[in-house]
Amino acid sequence: MTLDTLDQLAAASFEGYIVRKDLAKTFKGQYPVPTYVGEFLLGRYCAGTDELEIREGLEIVQRMMSERTVRAGTQELFKARARERGSVKLIDLVTARLDAKTDAYLVDLPSLQIRDVRITPELVQEHERMLTGGFYAEIDLEYDARIAAEKNGRPFGVASLRPIQLSKRAALQEMAAGRQTFTTAQWKDFLLRSVGFEPGALTERAKDVLLLRMVPFVERNYNAVELGPRGTGKSHLYQQVSPYSHLVSGGKASVARMFVNNASGQRGLVTQYDVVCFDEVSGVSFDQKDGVNIMKGYMESGEFSRGRESIRADGGVIMVGNFDVDVAHQQRVGHLFGPMPPEMRDDTALMDRIHAYLPGWDVPKLHAGLFTDHFGLVSDFLAECWHQLRFEARWTRVAHRVRLGGALSGRDTTAVQRTVSGLLKLISPGDDEIEDADLDWAVRLALEVRRRVKEQQKRIGSAEFRNTHFSYQLGEDAVEQFVTTPELQSDDAIGTDPLPPGQVWALGSGGADEHAGLYRIDVNEGPGSGVRVLNNPVPRPFQESIRFAEQNLYAQARTLVGERDPRQHEYSVQLRAFDSARSGAGLGLASLLALCSALLGRSLRGGLITAGHLNLGGGIDPVHNAVDLAELAAEKRAAALLMPISARKQLNDLSDDVAARLTILYYTDARDALLKALHE
């Protein structure tokens, strides 16, 4: 393997805590244990860059894995060795239960198919997780021939065990110190390598989704859903990377196992693990009718009741599953929670407790090229750092820099804050100052994954979830930014969200040689002077529209933009045509609105499309095909059409269907048009 820049940084910053992920892959499928078990041993013997040491360490690990993991058909061999030698060492999943008849704890070792292994109460109390799903450990299994001779004797016993996980208190400090040598982009890539992916084979969008999958590990009581195509590795992180997570396969979910066993008082998975993931969630159902209600209460408050006692836990609830159709079809036939179990799929109260809906469809199907051969953090070190990060806060450090929009409810705000906090912990595990770009990235992602939840609630039909126009501002004087969910709004569709300042949807009225058509005008404002059209070549009719708009802006500056001097700014303009019409004729008013919006730093109202043309004197030219324009606006799914007052009589002939779907806003002059177009 050739070391790249990231490998060299990792080797210098995390000596003793990195492992070549291709070595970990050599064990995948060879031995009946999760990936992190192999990496635990690799981190002990192969955590370095010296090839000779790696080869020697690899031989040791292979020998240990071969000697201590029980493959199918070798169970009796291990039992015989324990009898002959008095004890045997093995690596297995340790689960325990209380046998009330004998008042003793018994251990199940699934690989040996033994269900009655003795263990001391002290070991059980020291490692309570063996009572709730268990954990992988290095076990010293003893055999006592005298007990074997007794009636109903239990000759096998656990003499000692060592959990496969790191418990070093200084782990997080060492991660934070190492992080300082990486840029944010490098650190994101290194995190992806640490969980086995090669960032060079992923799009930026796929990287974001994979980083979002990590948030539940660093944020307490974090609830998320990820649905998408099969084979994208949705359950990989929860099963293979961290001993602090537990995967519940599809099927019956026991309230006693999840929360608390009222008979024995034994507490459940959410109290013992940081993350509890329901795999194949479409097949999950609770054994009690009130199971979903108990889970809803827990997802809301992090508490559940057992009799009079209220029990607090901080395990997150994650649900992953598959679409049988593509996303576009799923939205046509229902909503994105459609694959959930019947008792959950239309429950808006349950949805409201979900902090994030991850777009699993943006992650490619797993193939060999997606897995890395480079260095990454040893899984148990990474998992321990993530576990310690759960007890730190990040939102309070950046709250004064972010202002969330008025469309967010209390639960929306909580969800966004938790997602932002989790993402910032991942990319900045220490006390370093959070850069504006990193904060902006985290806030946009957090708003998107929460808005996806809200959009599905709106589709189900609840009026209380009608307002989904999520927005934010960074800093006191920053421009309000609106965040959409990409699957709901394509680049050429008129959505209900306001566009960024300087962007305007417009209808060209066409002419003798051209039909009416949809355009978008994008204007960016900066220091300098004049207007520069970026299209090459510039359509001559659009050049005229821009010239008329520029002259009207200068002439009417006081009434349009107040004290701002438009001559002290340069405007970069781009015209985008979405129909057969390409000339940009008759777009004077839309161009003026785009220039004013960019200069004011304010968005126009969402779902608005404009029609009408200016002349050099500031007047509004008449529109001769107003009905055609209104029908085109409705076809393009606009919510409102800005139209000159002179077209009012023509629009009396508008069909009832179009009139019901489209709000007509009439304007008398350029200033009136601007006031009606600006987002409140």
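## Charges over rings

Arg81 sits over the face of Phe78, 5.8 Å from the ring centre. Arg567 lies over the face of Tyr554, at 4.2 Å from the ring centre. A charge counts as over a ring if NZ of Lys or CZ of Arg is within 6 Å of the ring centre and within 35 degrees of the ring normal.

The model is predicted: local features need pLDDT of at least 70, side-chain atom pairs count only at pLDDT 80 or more, and totals for chains, interfaces and linings use all residues. Residues are numbered from 1 along each chain as its sequence is written, and side-chain values use heavy atoms, with hydrogens and water left out.

## Aromatic pairs

Rings of Phe, Tyr and Trp (its six-membered ring) pair if their centres lie within 6.5 Å; planes under 30 degrees apart are stacked, over 60 edge-to-face, and the rest tilted. The count by this rule is 20 aromatic pairs. The rings of Phe14 and Phe182 have centres 6.2 Å apart and planes at 40 degrees, so this pair is tilted. The pair links distant parts of the chain, 168 residues apart: Phe14 is in the loop between α1 (5–13) and β1 (18–20), Phe182 in the loop between α8 (171–179) and α9 (184–194). Helices (H or I, at least four residues) and strands (E, at least two) are DSSP runs, numbered from the N terminus. Both Phe14 and Phe182 are buried. Buried means under 20% relative accessible area, exposed over 50%, and partly exposed in between (1.4 Å probe, protein chains only).

Phe259 and Tyr298 form an edge-to-face pair, 5.8 Å centre to centre with 65 degrees between the planes. This pair too links distant parts of the chain, with Phe259 in the loop between α12 (255–258) and α13 (269–272) and Tyr298 in helix α14 (residues 291–301), 39 residues apart. Phe259 and Tyr298 are buried.

Ring pairs also join Phe14, Tyr17, Phe182, Trp187, Phe190 and Phe381 into a cluster.

## Backbone and cysteines

Most residues other than glycine have a negative phi, and most peptide bonds are trans. Asn152 has a positive phi of about 55 degrees. Its place is the loop between α7 (145–149) and β6 (156–163). Asn152 is exposed, at 70% relative accessible area. Glu280 has a positive phi near 50 degrees. Glu280 is in the loop between β10 (275–278) and β11 (285–286). At 38% relative accessibility, Glu280 is partly exposed.

The peptide bond from Asn536 to Pro537 is cis, with omega near 0 degrees. Pro537 lies in the loop between β22 (530–533) and α22 (540–555).

How many disulfides does a search of the whole structure find? It finds 0 disulfides, a disulfide being a pair of cysteine sulfur atoms within 2.5 Å. Cys277 is buried at 0% relative accessibility, and Cys596 is buried at 1%.

## Cavities

On a 1 Å grid over the protein atoms alone, a cavity is a set of points where a 1.4 Å probe fits but cannot get out; lining residues have an atom within 4 Å of a point. Points are joined across faces, edges and corners, and a volume is the space filled by probe spheres set on them. The whole structure has 3 cavities of 30 Å³ or more.

| Cavity | Volume |
|---|---|
| Largest | about 80 Å³ |

Strand β20 (residues 503–508) gives the most to the lining of the largest cavity, with 3 residues.

Notes: On a 1 Å grid over the protein atoms alone, a cavity is a set of points where a 1.4 Å probe fits but cannot get out, and a pocket is an open set with protein on both sides within 12 Å along at least five of seven lines; lining residues have an atom within 4 Å of a point.
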